[in-house]
Amino acid sequence: MFEDLQPAPADKILALIGLYRADPRPGKVDLGVGVYKDRDGKTPVMRAASLQIREYPYFEAASGAVRFADMMSALATAKSGDVVLLHGCCHNPTGANLDTAQWAEIADLVIERGLLPFVDIAYQGFGEGLDADATGLRLLAEKVPEMVVASSCSKNFAVYRDRVGAAMILAKDSTQADVAMSQMLSAARAMYSMPPDHGAAAVRIVLEDATLRADWEAELEEMRLRMLRLRVQFAEALRRQSNSDRFDFVASHRGMFSRLGLSEAQVERLRAEHGVYMVGDSRINVAGLPEDGMDALAKAIVSVLD
């Protein structure tokens, strides 16, 4: 039966995207893909929920550190009722994270300004440990009257395609919590109604079984420790090849990612000249570092530095 089938015609939009990506001309213009973009080529997301977006400074590329003073200064201008989006641990894309003292300062500022913290914790267990990675979130929960939390099992349970996680709200009282829950159910109904339950069921089975949970926690810890080793090895290789401490911050970062502070031109040279692929802002996936090729990788990176 199948021998009589003819190939389906290529999707015109997907084909156009491929042609656009392959076009080397700097003045090319994309008028084909049906996605709204602003003048900078960005697609607004949260405006669809009638939210006005403001960004606060966070990462210093030269040092690889959190710009905490600048961050706090920006948050101090927020108005009562504003929502502050924070990464609970293992910051993506930078790898630079807040310490406990900084979380405490943020909690005090949130209370003082009447802000609503929205904590995204998607990599719990990849930083300092499964329990330790929730330190900042728990500190906030103990102090603030209201909070929103988005938790994901995509990475720490390796069920990325099943989109397993939880949306949580801390309200001032049970009445407000019930109202907020009704709004969340309404949003869920509009977006997906009854989603597949396979991934969530697998996570539940693991968490409810003591033996399986212990095995999962042990495997997660192995993953975390491996990434820490890779970070140290990579930082040491970069120090050897560059004869400087420019990239030492990689060893102190936590999570799956770090941003190396390279320009887009340098990232492109790495791809073209050395077959090293990373995101244009120089974010790397630490888990992809070659354990037996650290010096070769470090040498390639150093070769494209100005």
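Visitor: Is S154 buried or exposed?
Guide: This is a predicted model, in which local features need pLDDT of at least 70, side-chain atom pairs count only at pLDDT 80 or more, and totals for chains, interfaces and linings use all residues. Residues are numbered from 1 along each chain as its sequence is written, and side-chain values use heavy atoms, with hydrogens and water left out. Buried means under 20% relative accessible area, exposed over 50%, and partly exposed in between (1.4 Å probe, protein chains only). The relative accessible area of S154 is 5%, so S154 is buried.

Visitor: Which residues is S154 in contact with, leaving aside its neighbours within four places in sequence?
Guide: S154 lies in the loop between β5 (147–152) and β6 (165–170); strands (E, at least two residues) and helices (H or I, at least four) are DSSP runs, numbered from the N terminus. Contact means heavy atoms within 4.5 Å. With those neighbours set aside, the partners of S154 are V159, Y160, R163 and V164.

Visitor: How are α3 and α4 oriented to each other?
Guide: Axes are lines fitted to C-alpha atoms, for helices over the stretch in contact, and angles run from 0 to 180 degrees between N-to-C directions. Angles under 35 degrees count as roughly parallel, over 145 as roughly antiparallel, 65 to 115 as roughly perpendicular and the rest as oblique. The angle between α3 (residues 100–113) and α4 (residues 135–143) is about 30°. The two helices are therefore roughly parallel.
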